[in-house]
Amino acid sequence: MSVLNFKVLLKTLRAISNGTSRESCVFQVRVMTSPSDPAEELLRQLLETPYNSMLQRDINISRIYIVKCEGVSHETEKGLFRWPTTKAQSNATLPCPGNAQRNATRHCKLCLSTHWSAPDTNQCLLMVETIPDLDHIDVTPENSMDVVELIQRLLSDHSELTYPELMTVLNKLKSVLNVSLVTPELALALISIISEILESDSDLTPFTNLILEITAAVGDHLQGHSGSFSLEAPALALAVVDLPKGPFSSLSFGVSSRLGVLNPEIHINTVPFLGTVAFISLPSALNQSFPEPDPPSLTPPRVLFQFFGSQRLFKEPESTKRHQRLNTFVVAASVTNASRPITDLDKDVKIMLHHVVPNQLNRSVQCVYWDFNRNRGRGGWDSRGCRTHNTSVDYTTCLCDHLTHFGVLLDVSRTELDPHDEMVLTFITYVGCGVSSLFLGVTVLTYTAFEKLRRDYPSQILINLSLALLSLNVVFLLNSWLSSFGMYGLCVGVASTLHYFLLASFTWMGLEAVNMYLALVKVFNVYVPSYILKFCILGWGIPLVVCVLVLVLNRDAYSSHLYTDTRADVKMLSGFCWIQDDMTFYVTVVGYVGLVLLFNIAVFGVVLMQIRRMRANRPAGISGGLLRDLKGVASLTLLLGLTWTFGFLTWGPARVPLLYLFSALNSLQGLFIFIFHCLMRENVRRQWRMHLCGCLRLEDDSEWSHTVSVGAGRSNPIPTAPLDQSFHSVKSSASNSTSSTSASSEKSDPSTRRPHLALLVNGLAFPRAQAGCSHSEPHRPVAPDGPFASPPPP
């Protein structure tokens, strides 16, 4: 006799709990010649003699009947190895594939179930390093499990698969199913691979039907079990039920998952309970579609249930996108080798699905099934034969007269974007709002710090507009952070505040247009007492009234995705605090903004027509600059918020490009206001130079003094005046007596200032206040500063 593979075992928990300090061991004994007594008795006697009876009850002797390892083929990432039949306790040696100078070895380990140990292939080079290398491997019944394990190792290094890689992997899985006996071990490995593909970031749209067919084939071909058998993976679950003989009454399949964890758990013939995410109940009428057993004792009817925990698999092609999205996971039921298509059942199949996003706003839902033939064989959702039985915030119950893959579509009024575009647009918006907030703060600081800059009405209106936009940007940037606290009251407050400042911003844009209209069209005989005070009441009061009405009539319109998680009985908030009610959104945002923009566009058109008439009536010798005119139009467009009209055009093929343009222009509106009304205005720069350097004097050289001297002392026309000088040409030609009454003195009481056409949207020239106005004249609106300003003509 000889002792082999002696191994000391660690103390077991039971031995430690009993207070014993003895070690245990295991070993094999090779008996070279047959003794007269049976080997087992002789071994026991030899072991017991030195220790009396102390070890008697702890000795366990078993005869080993398998003393060799059978030849096998082993597919690895280093190639195919065909290991020959080898005696136990011996090594097999093979040359490395692709390099015969190096060897691989494998040990045949002797034990109760003698088997091959893991091969030592350290000397061999990698033959399968990437997924495309799988194309060179032929799948056989002997190496099918090795190929599956190889695919699992390769997928562990990939978070996203390309089209060719997906095609290679799925084709190999099909080959494995075609040539192999699908044991529970192999089936679990296949399901795990499919689950990993579903969880990846790959584009699965072209492969939806193929993946569904492979998943169904795993259940149809599964062997080596009795009754029912379940397979579960993080994003996929499958249950096979072999029905016993006798009449079929009903059968149900349910799936539940723990809070925050997708891993599904299967329940057969269990009533839905708290935490169920999918449930399907089959009627007794299904018995008519069961296949006839052949022979009757060998093939019982089999029902296959499938659960898909990934919505990415069921995306329809871009050309067929609808204003609906899948809002549940997908559950399927089928009968293996059915005798006829399972359609038009006398009794409906009942499907209950849990909403991924709670239907808090009671939007329309539609029960659908996956039609493999839609979209030219790529598959798509169809509603024929299915109807909605009932729906709530968290669940929808469907009734269908056939078996297939079922889901629930949710109407999405505000259509969602592709995830990549949404991410980029979000980045642009947040960066733009951050930049705008910074420069709007500088603009407000500039006009409030320097008293001479805020004397006229346009500057005061600009300050209020900048404050509204600054508040809007700040609340928008803080929204997601405040929403993360999960407090319903806080979210309502944030949403209503964001709504208020959005409406206030557009109200002040509209008041900019009103002031421009009064200054340009209603120049004479316009008396508006407490002009700016009334504007402030309208600009800040109207949005407040709208938001208060919304809070009184429908407070729930302000929220985020607030819902109660039934599995944990807790309220959860996610996303962005904003208006969630469609009616409130379209009336108080789309309608309100649309009306303001329509009015601003009309005023913008009037301004352009007035400019054209002034061009025609200006004195000879006065020429305009095209670049200056373009800057003026751009300044007006941004000041009146006309770039927001792109939001009404974001539909059809140009939707995504227009959304990019919309996000870039409007998130940077504050930056543009700073550029046109601070950076490009000489008087603003002069004020900052004087404040920072203390080296400039405005007493004799100030903009206002210069304007007075121009208005009162010049008698010759300016030969190179730009287009915007035509404002004064029109005014002079209309009445020679009004030149001295069209401005207010810098030294006069600010409350008696009157409009001056040269101040219209002056973003590039000095704001001009002329002398010669008496204190008894009525108050008139002053046009906003703009690029069309010019010295008054003689």
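**Entry 1: strands**

I started with two strands, β12 (residues 251–257) and β14 (residues 276–282), which run antiparallel and are joined by 6 bridges. Strands here are DSSP runs of E, at least two residues long, and helices are runs of H or I, at least four residues long, both numbered from the N terminus. Two strands pair if DSSP finds at least two bridges between them. I picked out glycine 254 and found its bridge partner in β14, phenylalanine 279.

I noted my ground rules next. The model is predicted, so local features need pLDDT of at least 70 and side-chain atom pairs count only at pLDDT 80 or more, while totals for chains, interfaces and linings use all residues. Residues are numbered from 1 along each chain as its sequence is written, and side-chain values use heavy atoms, with hydrogens and water left out.

**Entry 2: disulfides**

I searched the whole structure for disulfides (pairs of cysteine sulfur atoms within 2.5 Å). The search gave 5. Counting bonded cysteines along the chain, I wrote down the pattern 1-3, 2-4, 5-7, 6-8, 9-10.

I looked up cysteine 69 and cysteine 108. Their sulfur atoms are 2.0 Å apart, and they form a disulfide. The torsion about this S-S bond is about 90°, so the link is right-handed. It ties together distant parts of the chain, 39 residues apart: cysteine 69 sits in strand β3 (residues 68–69) and cysteine 108 in strand β8 (residues 99–109). Both cysteine 69 and cysteine 108 are buried. For this I used relative accessible area: buried is under 20%, exposed is over 50%, and partly exposed is in between (1.4 Å probe, protein chains only).

Cysteine 367 and cysteine 398 came next, bonded with sulfur atoms 1.9 Å apart. Is their link right-handed or left-handed? The torsion is about -80°, so it is left-handed. Cysteine 367 lies in strand β19 (residues 365–371) and cysteine 398 in strand β22 (residues 395–400), 31 residues apart. Cysteine 367 has a relative accessible area of 2%, so it is buried. Cysteine 398, at 3%, counts as buried.

Cysteine 386 and cysteine 400 form a disulfide at 2.1 Å between sulfur atoms. Cysteine 386 is in strand β21 (residues 386–391), and cysteine 400 is in strand β22, 14 residues away. This link is right-handed, with 120° about the S-S bond.

**Entry 3: aromatic rings**

I counted 21 aromatic pairs. Rings of Phe, Tyr and Trp (its six-membered ring) pair if their centres lie within 6.5 Å; planes under 30 degrees apart are stacked, over 60 edge-to-face, and the rest tilted. One of the pairs is tryptophan 644 with phenylalanine 662, edge-to-face at 5.5 Å centre to centre and 85° between the planes. Tryptophan 644 is in the loop between α13 (626–639) and α14 (655–667), and phenylalanine 662 is in helix α14. Both residues, tryptophan 644 and phenylalanine 662, are buried. I also noted one aromatic cluster, formed by Phe308, Phe314, Trp370 and Trp381.
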